Amino acid sequence: MRVLLFYLLAGTFAAFCAAEKLVVCNYEAKAHLRQGQGQFSIPDLEEALRYCTHLIYGYAAIDDQSFKLVPLNENFDVLRDNYRLITDLKRRHPKLKVLLSVGGNDDVSGIDGELNEKYRTILESTVHRLAFVNSAYTLLKEYNFDGLDLAWEFPETKPKKVKTGLKKAWSSFKSVFTGEKVIDSNAAQHREQFTSLVKELKVAFRPDNLLLSLTVLPNINSTVYYDPKRLSPHLDFIALHAFDFYTPQRNGHLADFPSPIYELIDRREDENVDYWVKYWLNGAPANKIVLGIPTYGRTWALQGESKFDEFPITDLEGPGEPGPLTKEAGLLSYPEICTKVTTRTVIPGGLTKIPDASKRQGVYAYRYPDNNEKGGIWVGYEEPETAATKAQYVKNKGLGGIAIDDLTLDDFRGVCNNNKFAILKAAVAAL
Ligand SMILES: *[C@@H]1O[C@H](CO)[C@@H](O)[C@H](O)[C@H]1NC(C)=O
């Protein structure tokens, strides 16, 4: 009896603690474009929403003429009512907060294309910032969103190049003289101006209790653009997307763990979760920091000679082949991976998984190419166990919670283990 009571109390206590944590769930609207079993529609969210405290709709855009916040896909978001259908979910989930996110590397419209220059020009003028703030307020209210998330598209850091000998000496010589390392010569001003924008948004949002959050996108140098101490009083939470340190788009011939928790030997010091968290803890309160957890893997095409006794692996051939559901080179969703992975017997077309006993670096799986040099793949990915390890890290550090990126790449049909949203659930259970 006593034992039972103990478990009952412990259970209630655990549920209470977990309820305190933020569970931010990212939803990529473009997932409706995937075909067959990969297609994600609103009813698919239902099972996940029992676990999410916040749902973030990705993504809205900035109009490069008016600098207003606008829907990225007018047809789907507005004409086909997706904004409305998403915020209507609050009727059945009254505690859920739904935010609209701007940027997220999805907004590549405008003359500058992928350089995302508008995310800097908008900051430089108080008139442009005002146009953004006012339009954001109007758009949020019109569609009943609870707030705005800034997944701001600042320029990414340059990927690391691995060079040896003479090449190495030449490239460091060259970078000093060509200023190759400078990605934004007005970075200091942009940092100031971004802080101003955040303040201006919060002032406009406060009377209506609209939320404001920041998503720090992968490979954005926080030291350059974000001032934790001055930003955090105006933000409800800060989601650190501390992953994709290595992607086949950034590093075509170089593969490494996409999101280790701790620093690994011979890697750049900022290429791990712990570095990001420490940076933000120096200025922002722990309970506002939420840790991003991806639900996918990054893949590279593998050659027969590739060996993994040393990381990064250096002899790869660019992005791995697209998966059957996501159809994007260099990316596999968790269900696309789990259905292929095996630790014991080698199944045809299967991937051999190498678990992570250290709980520091993450897992990977691979398959050597066939006799025609086809089908070789290396994938570094997140799975329920590694997601739980990250959630434990969040708990130990007293952080605010987790941000799942994103629901549409998790196992939302339960094909792996008959357990829908296995990554989300494993992470929540460990909080
Ligand atoms: C990030 O910015 C800081 C400050 O400018 C700099 O010292 C550091 O090298 C940068 N990190 C990367 C990866 O570029």
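## Sheet order and edges

Which residue in β12 is the bridge partner of T342? In this predicted model, T342 has T352 as its bridge partner in β12. That bridge belongs to the pairing of β11 with strand β12 (residues 351–354), in which the two strands run in the parallel sense and are joined over two bridges.

These strands form part of an open sheet of six strands, whose pairing is mixed and whose order reads β10-β9-β14-β13-β12-β11. At the edges stand β10 (331–333) and β11 (341–342), and because each has a single partner strand, one side of each is left without a neighbour in the sheet.

## The largest pocket

The largest pocket has a volume of about 1,200 Å³. It is lined by 38 residues, of which G104, N105, E156, D244 and R298 are the closest to its centre. Sorted by class, the lining comprises 16 charged and 14 nonpolar residues, together with eight polar residues.

## Surroundings of the ligand

The residues that surround the ligand are T157, N221, T223, V224, R268 and D270. Of the accessible area of 360 Å² that the ligand has on its own, the protein covers 45%. By class, this shell is made up of three polar residues, two charged residues and one nonpolar residue.

Key: Residues numbered from 1 in each chain as written. Predicted model: local features only at pLDDT ≥ 70, side-chain atom pairs only at ≥ 80, totals over all residues. Heavy atoms only, no water. Pairing = 2+ DSSP bridges. Helix = DSSP H or I, 4+ residues; strand = E, 2+ residues; numbered from the N terminus. 1 Å grid on protein atoms, 1.4 Å probe; cavity = no way out; pocket = protein on both sides within 12 Å on 5 of 7 lines; lining within 4 Å. Points joined across faces, edges and corners; volume = space filled by probe spheres on them. Nonpolar A, V, L, I, M, F, W, Y, C, P; charged D, E, K, R; others polar. Near = heavy atom within 4 Å. Areas by Shrake-Rupley, 256 points an atom, 1.4 Å probe, with all protein chains shown as cover.
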